[in-house]
Amino acid sequence: MTTLRKFLDFIYVAAGAFAALCLVAILVLIVAQMIARWTGAVFPGAASYAGYAMAGASFLAFANALNRGAHIRVSVLLNALSTGPKRLLEIWCF
């Protein structure tokens, strides 16, 4: 079972790395589109590509964030609750 856990952890970290690359791709696409506008050139489809990269970053980061307990919206609320409601909300979130 530890082999499977190590393999899944590797997949989660790799997906997190790809999510980070998607965020960098969004930055590059937006800067390229800005430069294209300043120079009068046309960069067709840049907004669509950035949208695809945003969707990729979101979905690729989910497993890594949940595996590390780094899901911000859940953590903020869970830290404010007592033990009983906290447990129920954790079960509902998963």
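Rings of Phe, Tyr and Trp, the last represented by its six-membered ring, are taken as a pair if their centres lie within 6.5 Å. The structure discussed here is a predicted model, and a search of the whole of it finds one aromatic pair. That pair consists of Phe59 and Phe62, whose ring centres are 5.5 Å apart and whose planes make an angle of 85°. The arrangement is classed as edge-to-face, because planes over 60 degrees apart fall into that class.

**Overall architecture**

The secondary structure of the chain consists of four helices and zero strands. Read from the N terminus, the order of elements is α-α-α-α. Helix H1 covers residues 2-39, and helix H2 covers residues 46-68.

The radius of gyration of the chain is 19 Å, whereas a compact globule of 94 residues would have a value near 12 Å. The C-alpha trace spans about 60 × 35 × 15 Å along its principal axes. Buried residues account for 16% of the 94 residues. The accessible surface amounts to about 7,200 Å², and carbon and sulfur atoms contribute 73% of that surface. Among contacts in the chain with a separation of 6 or more, 56% join residues 24 or more positions apart.

Phe62, at 40% relative accessibility, counts as partly exposed.

Asn64 also lies in helix H2. Its relative accessibility is 14%, so Asn64 counts as buried, the limit for that class being under 20%. When neighbours within four places in sequence are set aside, Asn64 is in contact with Tyr12 and Gly16.

The structure holds one salt bridge. Side chains of opposite charge can pair when their charged atoms come close. Here the partners are Arg5 and Asp9, with their closest N and O atoms 3.2 Å apart. The two residues are four positions apart in helix H1, and therefore about one helical turn separates Arg5 from Asp9. Arg5 is partly exposed, with a relative accessible area of 40%. Asp9 is likewise partly exposed, with a relative accessible area of 28%.

A nonpolar surface patch of about 610 Å² is formed by Leu27, Ile30, Val31, Met34, Ile35 and Trp38. Leu27 lies in helix H1 and is exposed, with a relative accessible area of 55%. Ile30 lies in helix H1 as well, and at 40% relative accessibility Ile30 counts as partly exposed. Ala25 is another residue of helix H1; at 28% relative accessibility, Ala25 counts as partly exposed.

| Residue pair | Separation in sequence | C-alpha to C-alpha distance |
|---|---|---|
| Ala25 and Ala50 | 25 residues | 7.4 Å |
| Leu27 and Ala50 | 23 residues | 8.3 Å |

Ala25, partly exposed at 28% relative accessibility, is thus placed 7.4 Å from Ala50, C-alpha to C-alpha. For Leu27, which is one of the residues that make the nonpolar patch, the C-alpha separation from Ala50 is 8.3 Å.

Key:
Residues numbered from 1 in each chain as written. Predicted model: local features only at pLDDT ≥ 70, side-chain atom pairs only at ≥ 80, totals over all residues. Heavy atoms only, no water. Patch = residues over 30% accessible without salt bridge, like charges linked within 9 Å, V, L, I, M, F, W, Y side chains within 5 Å. Areas by Shrake-Rupley, 256 points an atom, 1.4 Å probe, with all protein chains shown as cover. Salt bridge = Lys/Arg side-chain N within 4 Å of Asp/Glu carboxyl O. Buried < 20%, exposed > 50% of the residue type's maximum accessible area, 1.4 Å probe, protein only. Rg over C-alpha atoms; globule rule 2.2 N^0.38 Å. Contact = heavy atoms within 4.5 Å. Phe/Tyr/Trp six-rings, centres within 6.5 Å; stacked < 30°, edge-to-face > 60°.
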